[in-house]
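Please look over the structure below before reading on, and keep it in view while the paragraphs lead you from one part to the next.

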Amino acid sequence: MTQTINRSALFNASCLALITTAFSFSIRAGILPQLGDSFGLSAEQLGFINSMWFLGFPISMILGGLFYHIVGPANIMRIAFVTHTLGILLTIFADGYTTLLISTLFIGFGNGCTEAACNPMIADMYSGTTLNKMLNRFHMWFPGGIVLGSLVSKFLTDGGFAWQTQVWVMMIPTVAYAVLFFGKAFPQPKVEGVTSVSSNFKAMLSPVFIFLFIAMAFTAISEFGPQQWVGLIMGSSGASPMLILALTTGVMAVGRFFAGPVVKALGQTGVLLGGSIFTAIGIFMFSTVTGPMAYVAAVIFAIGVCYFWPVMVGAVAQRVPLSGALGMSIIGGIGMFSTAIFQPIIGGWIDTSRATYGTAGLAGDALELAAGQETLQKMLLFPGILIVLFIIFFIWQKGSKPVVATAH
């Protein structure tokens with residue numbers, strides 16, 4: 001007997017799972033200075049802790065993509081619930097650097113399971129322009145959840161609550177998505193041959209997939225680099241770091257909600273090229289402005305990175321459909337793996353800049369601001385590379401259209 005697919009319930013549960021991911025990102029960004037103070041950690045050590053979030057993500061995404069059609073999305077989401085819960089509890093009861101590394105790895109693993117299960121599941125429930133719209137609306141809840149998490153973090157921090165209290169908040173959407181997924185039937189693949197791993201790998205050897213694979217490494221760090229370090233980098237700029245993060249992700253959430261008409265008008269290649277230009281302008285402004293102008297920079301940066309992740313996933317789904325769930329997981333995985341690699345590097349940049357400007361006689365907020373802005377200038381390299389790549393992609397793909405009727 002065939003069970004009815006409750007697309008609304010599955011989609012809503014997916015969104016709640018992504019809110020858990022977002023909370024783990026924004027609340028961790030908000031408590032980063034407190035973790036440093038509580039455990040006596042350097043910026044480089046905090047960078048390694050951050051990198052565990054981004055390392056666990058690609059590991060589970062790639063494993064989830066490989067075994068998606070064997071174990072199914074329901075079991076992958078059960079693993080997500082277990083690892084999210086373990087990660088949250090281990091963070092709350094952490095006794096030092098090593099425990100924080102392990103707990104963050106668990107949370108990252110759960111986040112990757114969410115992407116590995118939900119992206120192909122949504123692609124199997126919808127097609128054509130509706131697929132682009134629903135993928136963007138699903139991914140809307142990453143920035144949307146960051147807005148909520150940032151405001152929660154700011155409210156609790158300003159209220160003098162312990163950082164452990166903030167981490168407990170992450171259990172709310174975790175339990176909610178588990179309840180909503182419970183007992184539901186999941187959709188079957190709709191692209192013939194997509195369940196064959198050999199067909200997936202063959203499709204991933206195509207020039208388009210290889211290009212997207214390389215580009216994803218830079219879109220991810222362009223988005224997550226400035227955001228994950230906002231607390232330390234912007235804390236002395238005269239603007240509230242958590243409000244900057246909330247504003248950035250708020251604009252992203254609104255943009256993704258209305259993504260359908262934007263992608264239809266500009267095409268996937270036009271959206272990606274335009275996004276890289278706005279991202280470069282936003283990061284440059286972050287590296288030069290202070291006070292209220294930092295909020296203007298946040299809006300420009302948000303417009304730039306808004307569509308990167310969902311449009312890259314959508315490009316794989318529609319331009320390389322036979323790559324299937326594995327292809328989407330590999331693309332997401334390389335984005336997070338790239339970000340994991342760069343997190344301690346960015347932390348090292350901050351430590352080096354602090355030492356340099358400290359020797360030059362700067363101290364306090366002036367030292368932190370100078371070190372943060374110099375680090376942001378180095379981050380301009382990422383969108384700079386993307387501008388070149390997406391000009392090439394725009395010209396290359398001009399006249400070609402994504403596969404709509406049979407998109408996975």
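Predicted model: local features only at pLDDT ≥ 70, side-chain atom pairs only at ≥ 80, totals over all residues.

A pocket, found on a 1 Å grid over the protein atoms alone, is an open set of points where a 1.4 Å probe fits, with protein on both sides within 12 Å along at least five of seven lines. Residues are numbered from 1 along each chain as its sequence is written, and side-chain values use heavy atoms, with hydrogens and water left out.

The lining of this pocket, meaning residues with an atom within 4 Å of a point, includes Ala-74, Met-77, Arg-78, Phe-81, Tyr-177 and Lys-184. Two elements, helix H2 (43-92) and helix H7 (171-181), each give two or more residues to that lining, and H2 gives the most, with four residues. Helices here are DSSP runs of H or I with at least four residues, while strands are runs of E with at least two, and both are numbered from the N terminus.

The protein as a whole has 17 helices and zero strands. Its radius of gyration, taken over C-alpha atoms, is 20 Å, close to the 22 Å that the globule rule (2.2 Å times the number of residues to the power 0.38) gives for 408 residues, so the protein is as compact as a globular protein of that length. Along the principal axes, the C-alpha atoms fill a box of roughly 70 × 50 × 30 Å.
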